[in-house]
Amino acid sequence: MRRLFNFLCVAFISIALFSNCNTEESYETFSKIEKTYSNGKKHVVLHYQMREDTVYQVKKEYFYDSGEKLMEGPVTPDGKRNGHWKAYFQNGKIKSEGSFENDKASGKRTVYYDNGQKRYEGKYKNGKRSGSWHFWDKNGKLLKTESY
């Protein structure tokens with residue numbers, strides 16, 4: 001029984017290691033604290049990937065001076081927001097989320113009150129509001145709808 005257990009453990013570990021060995025997309029990743037607050041806590045953290053002999057910036061995080069995450073999202077190699085970003089209240093609840101393309105707001109954007117209720121929601125196109133936008137009060141009552 002013990003021999004079977006050892007065999008299964010070795011087999012499981014081998015499979016786990018083999019499945020993580022993706023030779024086509026195996027990149028070294030690392031992070032760097034770009035800015036700190038006067039209290040020594042991190043303010044901006046940049047995340048990088050090493051692909052062949054080139055280092056690319058892939059993600060950026062901002063933090064409150066108390067240490068909680070303020071916002072985060074993917075970036076282009078030259079540091080422009082690109083992809084789905086999230087911002088947070090200091091208590092960790094989601095404050096807003098939306099996408100960017102080459103540093104311009106693009107697609108759906110949702111902003112929340114600190115109680116978790118939606119504050120407003122709409123879409124961006126080329127960095128400008130587009131289509132119908134809905135606005136609510138803190139209790140979830142629809143206040144107005146605007147078209148852009």
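Predicted model: local features only at pLDDT ≥ 70, side-chain atom pairs only at ≥ 80, totals over all residues.

My notes start with the sheet and end at one serine.

I traced the strand order and got S1-S2-S3-S4-S5-S6-S7-S8-S9-S10, an open sheet of 10 strands with antiparallel pairing. The edges are S1 (28-36) and S10 (142-147), each of which pairs on one side only. From one strand to the next, I noted an average twist of 15°.

**S4 to S5.** Next I checked S4 (residues 69-74) against S5 (residues 83-88), an antiparallel pair with 2 bridges. Methionine 71 has alanine 87 in S5 as its bridge partner.

**S5 to S6.** I moved along to S5 and S6, which are antiparallel over 6 bridges. Here tyrosine 88 is bridged to isoleucine 94 in S6. The hairpin puts 5 residues between these strands, and I marked glycine 92 there for its positive phi near 95°.

**S6 to S7.** S6 (residues 94-101) and S7 (residues 104-112) also run antiparallel, over 6 bridges.

**Serine 106.** Is serine 106 buried or exposed? I read a relative accessibility of 15% for serine 106, so it counts as buried, the cut-off being under 20%. What does the side chain of serine 106 make a polar contact with? I found the side chain of glutamate 101, at 3.2 Å. Leaving out residues up to four places away in sequence, I listed Ser99, Phe100, Glu101 and Tyr124 as the residues that serine 106 touches.

Conventions
Residues numbered from 1 in each chain as written. Heavy atoms only, no water. Pairing = 2+ DSSP bridges. Helix = DSSP H or I, 4+ residues; strand = E, 2+ residues; numbered from the N terminus. Axes fitted to C-alpha atoms, helices over the stretch in contact; angles between N-to-C directions. Buried < 20%, exposed > 50% of the residue type's maximum accessible area, 1.4 Å probe, protein only. Polar contact = N/O pair within 3.5 Å; in protein donor to acceptor, adjacent residues only side chain to side chain. Contact = heavy atoms within 4.5 Å.
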